[in-house]
Amino acid sequence: MSPARRAAVIVNPIKVDVDPFRRTVEAALAERGYDEPLWLETTEDDAGVGMARQAIEEKVDLVLVAGGDGTVRVVCAELAGTAIPAAVLPGGTGNLLARNLGISLEMDDALSELLDGSDQRIDSVQIKGDQLPDDRFVVMAGLGLDAAIIEDAPDDLKKRVGWAAYVVSTLKNLNHPFVHVEITVDDEPPVRRRARTVVIGNVGTLQANIPLFPDAAPDDGRIDVVVLAPRRISHWPRLALGLVIKSWRERDVERFIGKRIQVRADRPVGRQLDGDAIAEGTSLVAEVDASALVVRVP
């Protein structure tokens with residue numbers, strides 16, 4: 001008789017109503033023969049690093065994580081390089097990794113899908129830059145406008161209207177200043193651009209199913225870069241069509257693909273990792289760590 005499996009549950013109590021969530025998760029795990037789970041809540045001082053490390057030390061068979069894109073990123077960064085699968089449950093506003101893995105955004109449905117699902121290896125992306133400790137992301141990193149949008153989307157509005165809060169913030173920031181950037185892809189010569197924003201992506205789709213990187217896949221061993229450079233506010237509708245319609249050739253949208261991407265700006269600008277604003281700086285250097293992370297998928 002094989003030993004019972006054990007799961008760890010890492011939850012951000014600010015993003016998830018913990019008591020009913022715990023009852024639901026524990027019942028679903030018990031129904032499938034799991035032992036009592038290791039229950040770990042993130043804190044203001046620890047967004048998930050210590051919790052993920054404890055789960056690894058206790059050699060659990062599965063880590064369920066619920067709490068929003070920031071919590072997911074931190075936990076997945078710690079699980080990269082281990083064989084422990086991460087099961088990403090919807091929580092918070094963006095749920096970008098869950099969306100891109102085809103996981104339901106309804107908690108009960110997602111829980112059933114993942115506990116009865118299968119494991120898949122995807123890429124993790126190592127990231128570094130000035131004023132930034134070495135880190136990882138699984139969804140997207142960027143500088144310029146996208147960081148300003150994240151910074152200006154207030155938490156209370158996100159709680160009330162969800163991802164639509166980012167629409168409000170986007171409208172406020174459409175005239176975000178240009179920044180001059182130098183982009184180096186692998187060993188190719190650098191290219192220089194005048195951009196509103198530069199985003200590096202491991203997956204392709206934003207909220208509202210907008211395909212920012214239409215050719216991206218989380219398990220292709222590559223990362224994608226998009227440069228958005230509308231010259232004036234009136235160009236944004238045309239640019240939006242260029243994002244939604246793959247065949248649309250839009251001069252204000254430019255994409256690159258590689259395994260290592262270096263972006264350098266001519267001045268400090270806002271930056272973000274998986275939907276969390278980080279310190280301003282002038283550089284981001286991203287390198288794919290192929291198949292480093294195991295995730296549970298439906």
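Me: Are Phe-21 and Trp-39 buried or exposed?
Reply: Happy to start here, with a predicted model in which local features need pLDDT of at least 70, side-chain atom pairs count only at pLDDT 80 or more, and totals for chains, interfaces and linings use all residues. Residues are numbered from 1 along each chain as its sequence is written, and side-chain values use heavy atoms, leaving out hydrogens and water. Buried means under 20% relative accessible area, exposed over 50% and partly exposed in between, with a 1.4 Å probe and protein chains only. By that rule, Phe-21 and Trp-39 are both buried.

Me: Which residue has its charged end over the ring of Phe-178?
Reply: A charge sits over a ring if NZ of Lys or CZ of Arg is within 6 Å of the ring centre and within 35 degrees of the ring normal. Here the charged end lies 3.8 Å from the centre of the Phe-178 ring, and it belongs to Arg-194.

Me: Why does Val-185 count as buried?
Reply: Val-185 touches Phe-256, Ile-257, Gly-258, Arg-260 and Ile-261, leaving aside residues up to four places away in sequence; contact means heavy atoms within 4.5 Å. Val-185 counts as buried because its relative accessibility is 11%.
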